[in-house]
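Please keep the sequence and the structure in view while reading.

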Amino acid sequence: MSRRKEWESPLAESAVASARAGYGIVTLSVAFCLSAVTTICFLHDSARAGTQPSATAQKAIASPAQAVPVRADFKQPTTLAELLAIPTADLGKVDLVTMNLLCAEGLPGSEKINIPECLVTLDQWAAKIKLYTERHHDEFIHDATETHSWAEYEMMVIMSALKISYGVHYDVAGAVAEYGFDPATTKVPKGDYYPTDKLAPTFFAGSDLFFVNGLLGSKRVGTCSSLPVLVAAIGQRLGYPVALDTCFRHMFVRWDDGKERFNIETTVIGGLQEVSDEEYHHWPQPLADQAIAAEGYLQIQTPAQNLANFLYSRIACLMACGRMDEASRLRQKCLELVPTSIRYKSLPSLTS
C-alpha cells in the first residue's frame, strides 16, 4: 500500500488545522499505513528548512540528547520524599516518568495513581510502536520520493500512534481558557498567538492534566506539561536521542544525535509538527537573553531542571487547592535544583 495519501481523514484535517494555527507551518501530505486500514498524517515546519535560529538561540543549543537506559543497579524512588532526598548528581538515574508521577503524589486527580501499572502501560505502548516503526522500515528507505529523514519518521510514528492506537489528545478546554480560542481549529495571524492571562486558578486543581497519569489512565488527555514527558519517555525507551526542552511557559521535545536536530511540538497529536528554535524564541512570549540563561530555555533540560519543572506543576496544583505551606517549601527546593532561576524565586501566578 502506498504511504502517500491525500488529506482525506478527520485525523489529517485536525492536524492540518493545528499546524496552521500557531507557527505558519506548511503541511506535507506524507502518510504511513500503521495497519491495513489506518492512515497517519505527517506535518512539517517550513521554518526548519528556511529559518536559522537567532544568535541568542544558537548560544542556547546544548549537547546532543542522550537516551540513557535506567540503571538496573539503582533503586528507583517509590515516594516523593525518597525522590527529593536523591542527590542532584544521581537524578539522571531516575526514570523520567517515575520522576514525573511521584511529583503528582497526593494531589487531587492523582489519588489512585499506580506507578507500576503506569510503567507497564508505557512499556507496552513503546513495544507496539517499535513494531509499527520496524514494519515499514524497508518501505521507507526504498521510497525514492521520500524527503524526510528516518529520525523524523520514527517520531512521526510515536505521535500518530498515540492518537490512533491509544486515544491520547490535547486538552482543548484548557487551550481555550489560556488563549481565548482553540489553537487547533482557529487560524490567527502570526504574532497574535499569546496567552490571555485569564486562566482561572481552579484550572490547576486537577493534577492529572499536568502529569502523565492523565495520559496513561482512562482519560488520555494532557497539556504541554505532560504530553512532552510521555513522548520523550517513549522515545527514550526506544533508544532515541530525545529529551525535554522548554521555552516560556511551554515544554516540548528535542531530537539531537549530534548530526540531526529538530524540535517536536507535542500538543499536535496525530502527526509530527516540527518547530524551529527561532519560533520558540518568540512564542508564546519573546525571550530575553537573561531569561534564556537563567531558566535554561531552548536547551536540553538537565535531570535537575526536569525535576524542578515537575515540582513547579505540583506547586501550581497545591496553590489551587489552598495548600500554600507545601507550595512554599517546594518552591525553595526548585531554587536549590536550579539556583540561576528567576521564576523559582517566587510562587507562580495562577492567572497569568
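## Isoleucine 158 and its surroundings

Leaving out residues up to four places away in sequence, isoleucine 158 touches Ile129, Val231, Ile234, Gly235, Leu238 and Tyr240, where contact means heavy atoms within 4.5 Å. Isoleucine 158 belongs to helix H8, which spans residues 150–164; helices (H or I, at least four residues) and strands (E, at least two) are DSSP runs, numbered from the N terminus. With a relative accessibility of 0%, isoleucine 158 counts as buried, a term that stands for under 20% relative accessible area, whereas exposed stands for over 50% and partly exposed for values in between (1.4 Å probe, protein chains only). The C-alpha atom of isoleucine 158 is separated by 9.9 Å from that of lysine 128, a residue 30 positions away along the chain.

## Basis of the model

Residues are numbered from 1 along each chain as its sequence is written, and side-chain values use heavy atoms, with hydrogens and water left out. Because the model is predicted, local features need pLDDT of at least 70 and side-chain atom pairs count only at pLDDT 80 or more, while totals for chains, interfaces and linings use all residues.

The chain has 15 helices and 7 strands, and buried residues make up 55% of its 352 residues. Among the contacts in the chain with a separation of 6 or more, 67% are between residues 24 or more positions apart.

## Helices H6 and H8

Helix H6 (residues 115–135) and H8 have axes that come within 10 Å and cross at roughly 130°; axes are lines fitted to C-alpha atoms, for helices over the stretch in contact, and angles run from 0 to 180 degrees between N-to-C directions. That angle makes H6 oblique to H8, since angles under 35 degrees count as roughly parallel, over 145 as roughly antiparallel, 65 to 115 as roughly perpendicular and the rest as oblique. The crossing of the two helices is right-handed, meaning that the near helix is turned clockwise from the far one by less than a right angle, with anticlockwise giving a left-handed crossing. On the H6 side, Trp125, Ile129, Tyr132 and Thr133 meet Trp150, Tyr153, Glu154, Val157, Ile158, Ala161 and Leu162 of H8.

Threonine 133, a residue of H6, is buried, with a relative accessible area of 3%. A polar atom of its side chain lies 2.8 Å from the backbone oxygen of isoleucine 129. Apart from residues up to four places away in sequence, threonine 133 touches Trp150, Tyr153, Glu154, Val157 and Tyr240.

The buried residues are Leu227, Pro228, Val229, Leu230, Val231, Ala232, Ala233, Ile234 and Gly235. Just after H11, glycine 239 adopts a positive phi of about 85°.

## Helices H14 and H15

The axes of H14 and helix H15 (residues 324–337) come within 9 Å and cross at roughly 165°, and the two helices are therefore roughly antiparallel to each other. H14 passes H15 in a left-handed crossing. Residues making this contact include Leu307, Leu311, Ile315 and Leu318 of H14, together with Ala327, Leu330, Cys334 and Leu337 of H15.

## Backbone features in the loops

A cis peptide bond, with omega of about 5°, joins tryptophan 283 and proline 284, and proline 284 is placed in the loop between H12 and helix H13 (289–295). Arginine 249, although not a glycine, has a positive phi of about 55°; this residue sits in the loop between strand E5 (242–247) and strand E6 (250–256) and is partly exposed, with a relative accessible area of 29%. Leucine 298, also not a glycine, has a positive phi of about 60°; leucine 298 is found in the loop between H13 and H14 and is buried, with a relative accessible area of 0%.

Key
A polar contact is a pair of N or O atoms within 3.5 Å; within protein, one must be able to donate a hydrogen and the other to accept it, and residues adjacent in sequence count only if both atoms are side-chain atoms.
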